[in-house]
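Please open the model in the viewer and keep the selection panel at hand.

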Amino acid sequence: MGGFAELGLSSWLVEQCRQLGLKEPTPVQLGCIPAILEGRDCLGCAKTGSGKTAAFVLPILQKLSEDPYGIFCLVLTPTRELAYQIAEQFRVLGKPLGLKDCIIVGGMDMVTQALELSRKPHVVIATPGRLADHLRSSNTFHIKKIRFLVMDEADRLLEQGCTDFTADLETILAAVPAHRQTLLFSATLTDTLRELQGLATNQPFFWEAQAPVRTVEQLDQRYLLVPEKVKDAYLVHLVQSFQDEHEDWSIIIFTNTCKTCQILCMMLRKFNFPTVALHSMMKQKERFAALAKFKSSIYRILIATDVASRGLDIPTVQVVINHNTPGLPKIYIHRVGRTARAGRQGQAITLVTQYDIHLVHAIEEQIKKQLEELPVEEASVLQILTQVNVVRRECEIKLEAAHFDEKKEINKRKQLILEGKDPDLEAKRKAELAKIKQRNRRFKEKVGQALKRRQVASRAGYGGPLPRTPKPAPGPA
Ligand SMILES: Nc1ncnc2c1ncn2[C@@H]1O[C@H](COP(=O)(O)OP(=O)(O)OP(=O)(O)O)[C@@H](O)[C@H]1O
């Protein structure tokens, strides 16, 4: 049990680790904990499920126990569910300290949160949007004395994806002290390293796991080449086979949109699979409830958008199915990392249509490993094909009747208002952009057609400028 003690952690923390079954430090913990205890900034890049959370929680708790005050530490993370998960690690490991934490995420009551913040918790775990809202609207708390700023999934926080945190991060970074320790962690830090280095300037310590492959060794990675139209039948077949062959099982299925997520959830339920959905169109309480039911194995299948692709630690997940091939290798790495965690085995299956093959090549190039084809009994899939398609159509009709798209539109408008934008003006801009794009497309088409005509003409012996209208084919003299 010398492991954690040798890193310089106090005996009470070593005992906490022992009680939680953390016997030996993982490599990222071995690498980062001493540097953080020395007071250095830290950039930690290690594979999914390798214990990055404890790599920052443990040294922060140690420093907090030496000089306890609030607000001592701020942790930023991209999703609400992840904020709760990190808070739990602080709570269990920091129990002997009587640690006070506070979770600040969207979708929850702002007044309650403001009250909690004013009580000076030791640790605040937040998503950037909601914390920035509090900073802009309230003067009952401040974060200008924090000792630690942690950015978990740091590359996601900095990238300008569908949720862009840039403006909120600016507000937050303007409110934290320049003299602080900054800790940045992710399984995919390298793309955003330059920006991240600008944030961690205090003798930064960069730790990266050296491995030939960027995904976990215990992960069996497969692909299944399927025509778009029969994808769902393959999905049902895969889930059915897994259920037939295993007693204790859990699967996460990733989809590309909230709507597909919802439809597939309804569809799998029609086939009596215990399924729950998790996507950003759900109310926050529903999101938490879905996750809790999945974690406790009441429901065996979680069907989710990328809101669940990062950080979630659910040890029972044995399989990840990508219903769509992720457009970015980074997203693939995080999605499949929801299984095969902390030394366990796991399998990832990616459904690939004829249009996605280049995406698989990009993924293979990044992870430095080739995916293997998953053999499937096609006859069994053919047997259920019509039934699956009929059920899917029924679910689509049901969802349309529930005005899913309209609700999405309303949510979008609300979001724009919250961001201080005028939804009508934004819609106008979008329409203008679409018009320009359409004009460009038409122009390209016209040029393409003209070129084709010229090729035809030159093959038929015509030369000269681009013909405006097709010339009649040469007839007999
Ligand atoms: N030293 C250890 N020994 C055994 N298990 C550990 C150790 N440290 C952490 N774990 C466990 O490993 C699991 C994964 O840890 P964690 O969630 O911190 O991974 P991560 O590296 O942050 O992954 P991701 O990149 O997906 O966010 C957790 O269940 C955690 O309790």
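In this predicted model, begin with the interface of domain 1 and domain 2, which buries about 1,600 Å², with carbon and sulfur atoms giving 54% of that area. Within domain 1, select Thr48, Glu81 and Gln85: these residues lose the most area to domain 2 and together account for 35% of what that side buries.

Next, colour the two domains separately. The domain assignment places domain 1 at 4-208 and domain 2 at 219-406. Their centres, taken over C-alpha atoms, are separated by 30 Å. In contact across the boundary are 19 residues of domain 1 and 17 residues of domain 2.

Now display the side chains at the interface. Between domain 1 and domain 2 there are five salt bridges. Select lysine 330 and glutamate 159, whose side chains meet in a salt bridge at 3.2 Å, N to O.

Switch to a cartoon of domain 1. Helix H5 (80-93) and helix H8 (154-158) each supply at least two residues of the side that touches domain 2. Which helix gives the most to this side? H5 does, with five residues. By class, the residues of this side of domain 1 comprise four nonpolar, eight polar and seven charged.

Finally, select residues 218-382, which an unreviewed UniProt entry lists as "domain: Helicase C-terminal". The end C-alpha atoms of this span lie 32 Å apart, and its content is 39% helix and 19% strand.

Methods. Residues are numbered from 1 along each chain as its sequence is written. This is a predicted model: local features need pLDDT of at least 70, side-chain atom pairs count only at pLDDT 80 or more; totals for chains, interfaces and linings use all residues. Side-chain values use heavy atoms; hydrogens and water are left out. UniProt positions are given in the numbering used here, feature names are shortened, and annotations may be inferred rather than shown by experiment. Helices (H or I, at least four residues) and strands (E, at least two) are DSSP runs, numbered from the N terminus. Domain bounds come from an automatic or database domain assignment. Contact means heavy atoms within 4.5 Å. Buried area is the accessible area (1.4 Å probe) that two parts lose on being put together, summed over both. A salt bridge is a side-chain nitrogen of Lys or Arg within 4 Å of a carboxyl oxygen of Asp or Glu. Ala, Val, Leu, Ile, Met, Phe, Trp, Tyr, Cys and Pro count as nonpolar, Asp, Glu, Lys and Arg as charged, and the others, Gly among them, as polar.
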